[in-house]
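Open the structure in your viewer and keep the selection tool ready. The tour goes from one stop to the next, with a note on what to look for at each.

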Amino acid sequence: MTADTNSAEAPYPAPRHIAIIMDGNGRWASAHGKSRYAGHQAGVGAARAIAMAAVESGIKVLTLFAFSSENWNRPADEVNGLMHLFFEVLQQELDELQSHGIQLRFIGAREHLPEILRKRIAAAEAKTAGEVRMVLVLAVAYGGRWDLVQATQRIAAKVRAGDLQPDDIDEAVVSRHMALAGLPAPDLLIRTGGEQRVSNFLLWDLAYTEILFSPAFWPDFRAAEFAAAVDCFRARERRYGRTRDRLEALAD
Ligand code: IPE
Ligand code: IPE
Ligand code: MG
């Protein structure tokens, strides 16, 4: 089944790329009298459910924000717990993800991650590189500002080497150096947990992304909430700065 099936009532196409800020694990844990670590474990369950819902509904790219540049500033216990969880989950879920045709790609400052995790990440990317049904991008140690800085550094290096002229740097060149290079920009950004901010996620790529804030804590965000978010997206008119008349003229 593709994302376009069952869409008779939705006026606009389904999203190709959905990005999610998976927020609210800690508050979910407090509400249930559990540790923050248990909250993150519950969050893994939601990530699994949403990855499956996304692949089943024909989404081509799902990007999940799992750990931000700023999350290094959390207590060491929590950071270590999260690194342990990423390591375990990668091992446990890899075959299942691959059996659904999911390619894994990681974005972020991976040099800051423990070496053992970096190796497992590289192995997971290599193992699933040939899968084409959906790309699952995991943003770990990621920040939108980090992304812009690393792109700028790589572009500057090409200029210094004489491979690129400053006047030739345009939006396409910058896009090709961003962490999501080669993938369509997110059509829809979902943030769970009720906060209404971007928290240094994909600053370059979100320029014309539709945004949906859900009050649900991430562990409670499941297939039904995901389907409702997609329906909401499909009712929105994206204008990209144009007028409605101009959009219609372009569609002809
Ligand atoms: C999101 O949940 C997970 C990570 C940032 C790793 P939080 O841990 O931020 O949960 P809240 O916002 O404290 O509820
Ligand atoms: C954003 O959540 C980062 C992730 C979900 C990985 P945070 O909980 O870190 O964001 P703030 O601190 O509320 O902005
Ligand atoms: Mg949070």
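Start by selecting Pro15, which sits in the segment before strand β1 (17–21). Keep in mind that this is a predicted model. Is Pro15 buried or exposed? Its relative accessibility is 2%, and buried means under 20%, so Pro15 counts as buried.

Now show what surrounds Pro15. Beyond its neighbours within four places in sequence, Pro15 is in contact with Ile59, Asp187, Leu188, Val230, Phe233 and Arg234.

Next, select Ile20. Setting aside neighbours within four places in sequence, its contacts are Ile50, Leu62, Thr63, Leu64, Phe65, Leu189, Ile190, Phe201 and Trp218. Ile20 also belongs to the largest nonpolar core, which has 45 residues. Ile18, Ile20, Leu62, Leu104, Leu136 and Phe226 have the most contacts inside that core. Another core, of 16 residues, lies apart from it and includes Ala19, Ile21, Leu180 and Leu183. In soluble globular proteins, nonpolar side chains tend to be buried together.

For the last stop, select helix α3 (residues 76–99) and helix α4 (residues 115–128). Their axes come within 10 Å and cross at roughly 15°. Angles under 35 degrees count as roughly parallel, so α3 is roughly parallel to α4. The crossing of the two helices is left-handed.

Which residues meet here? On the α3 side they include Met83, Phe86, Phe87 and Leu90, and on the α4 side Ile116, Leu117, Arg120 and Ile121. By class, this contact has nine nonpolar, three polar and four charged residues.

Terms used: Residues are numbered from 1 along each chain as its sequence is written. Chains are lettered from A and ligands numbered from 1 in the order in which they are written. This is a predicted model: local features need pLDDT of at least 70, side-chain atom pairs count only at pLDDT 80 or more; totals for chains, interfaces and linings use all residues. Side-chain values use heavy atoms; hydrogens and water are left out. Axes are lines fitted to C-alpha atoms, for helices over the stretch in contact, and angles run from 0 to 180 degrees between N-to-C directions. Helices (H or I, at least four residues) and strands (E, at least two) are DSSP runs, numbered from the N terminus. Angles under 35 degrees count as roughly parallel, over 145 as roughly antiparallel, 65 to 115 as roughly perpendicular and the rest as oblique. A crossing is left-handed if the near helix is turned anticlockwise from the far one by less than a right angle, and right-handed if clockwise. Contact means heavy atoms within 4.5 Å. Ala, Val, Leu, Ile, Met, Phe, Trp, Tyr, Cys and Pro count as nonpolar, Asp, Glu, Lys and Arg as charged, and the others, Gly among them, as polar. Buried means under 20% relative accessible area, exposed over 50%, partly exposed in between (1.4 Å probe, protein chains only). A nonpolar core is a set of buried Ala, Val, Leu, Ile, Met, Phe, Trp, Tyr and Cys residues joined through side-chain atoms within 4.5 Å.
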